Amino acid sequence: LSSLSGLTHESHKKDVEQVYLRCSEGSIEWMYPTGALIVNLRPNTSPASYKHLTVCIKPFKDSAGANIYLEKTGELKLLVRDGDRSPSKVYCFGYDQGGLFIEATPQQDISRKITGFQYELMSKGIASDLHTISAPCRPCSDTEVLLAVCTSDFVIRGSIQDVTNEAEEQESIIHVGVNKLYRQKSKVFQLTGESGNWRGQIKTLLECGVKPGDGDFLFTGRMHFGEARLGCAPRFKDFQRMYKEAKDKGLNPCEIGPD
């Protein structure tokens, strides 16, 4: 977390301050914004790999007091307008498209304003796979499922216990009962209660219309801003079929016990 305060620059309202962030994910909080910030993301990777990176930012729910622009060679492109209220909206762009320029908007009382957002850097391949951003609700092909099993941040066999719809955020929360945990990058799925059952939550878009139902699924997906986001999720019996067919032909991209 990087935290800055505009009060130290109150007498220099036209000041532009440079901020350098070395982590691949984190957040920045600008209290009482005045002037402007240039946010330079400098991950600890080879500069040659920068062109393969995608940057995503997710403004805090109550972020206010500044406009956020994408800046390259002096040209500004508005990303987030001050006062926009789009809960959970994520803005992504290629690392080579420019940096972030955050400009405070005129305020009568800056002490009530805090501008902030989370950020993540990821490879362009992973970013485009936040299950096919252009069509996130369509079923995955067999090939996509098998690749998802190899590359996802979490892979579990489980059932849908319940679904909570959040209309304001245009998202659905899938409450999953886990029967087998193949992999998880973060501890999203955990043992709960004295019964020793594994439980967890996965988020997806409200428009996908997920509903509770019988049977097991193979849930795959990625961690995005600390949350599990749904990728491919075939019925488990369909996954068993496609995995066996690929293995018989020697075409499965990685080994996983499908039982």
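Buried means under 20% relative accessible area, exposed means over 50%, and partly exposed lies in between, with a 1.4 Å probe and protein chains only. By that scale G209, at 40% relative accessibility, counts as partly exposed. This is a predicted model, where local features need pLDDT of at least 70, side-chain atom pairs count only at pLDDT 80 or more, and totals for chains, interfaces and linings use all residues. Residues are numbered from 1 along each chain as its sequence is written, and side-chain values use heavy atoms, with hydrogens and water left out.

Start at G209. This glycine lies in the loop between strand 14 and strand 15. Helices (H or I, at least four residues) and strands (E, at least two) are DSSP runs, numbered from the N terminus. The C-alpha atom of G209 is 8.7 Å from that of C137, although the two residues are 72 apart along the chain.

A disulfide is a pair of cysteine sulfur atoms within 2.5 Å, and a search of the whole structure finds four. Counting bonded cysteines along the chain, the pattern is 1-2, 3-6, 4-7, 5-8.

C137 bonds to C208, with 2.0 Å between the sulfur atoms. The torsion about this S-S bond is about -80 degrees, so the disulfide is left-handed. The pair links distant parts of the chain, 71 residues apart: C137 sits in the loop between helix 1 (124-128) and helix 2 (142-151), and C208 in the loop between strand 14 and strand 15 (217-224). C137 is partly exposed at 34% relative accessible area. C208 is partly exposed too, at 24%.

C140 is joined to C232, S to S 2.0 Å. Here the torsion is about -90 degrees, so this disulfide is left-handed. C140 lies in the loop between helix 1 and helix 2, and C232 in the loop between strand 16 (227-230) and helix 3 (236-248), so the bond ties together parts 92 residues apart in sequence. Both C140 and C232 are buried.

A further disulfide pairs C56 with C92, their sulfur atoms 2.0 Å apart. This link is right-handed, with 105 degrees about the S-S bond. C56 belongs to strand 5 (residues 53-59) and C92 to strand 8 (residues 91-94), so the pair connects parts that are 36 residues apart in sequence. C92 is partly exposed, at 40%.

Now turn to the aromatic side chains. Rings of Phe, Tyr and Trp (its six-membered ring) pair if their centres lie within 6.5 Å; planes under 30 degrees apart count as stacked, over 60 as edge-to-face and the rest as tilted. The structure holds five such pairs. One of them is F239 with Y243: the ring centres are 5.7 Å apart and the planes meet at 50 degrees, so the pair is tilted. Both residues lie in helix 3, four residues apart, about one turn of the helix. F239 is buried at 0% relative accessibility, and Y243 is buried at 3%.

The charged end of R157 sits over the ring of F236, 4.1 Å from its centre. Such a contact requires NZ of Lys or CZ of Arg within 6 Å of the ring centre and within 35 degrees of the ring normal.
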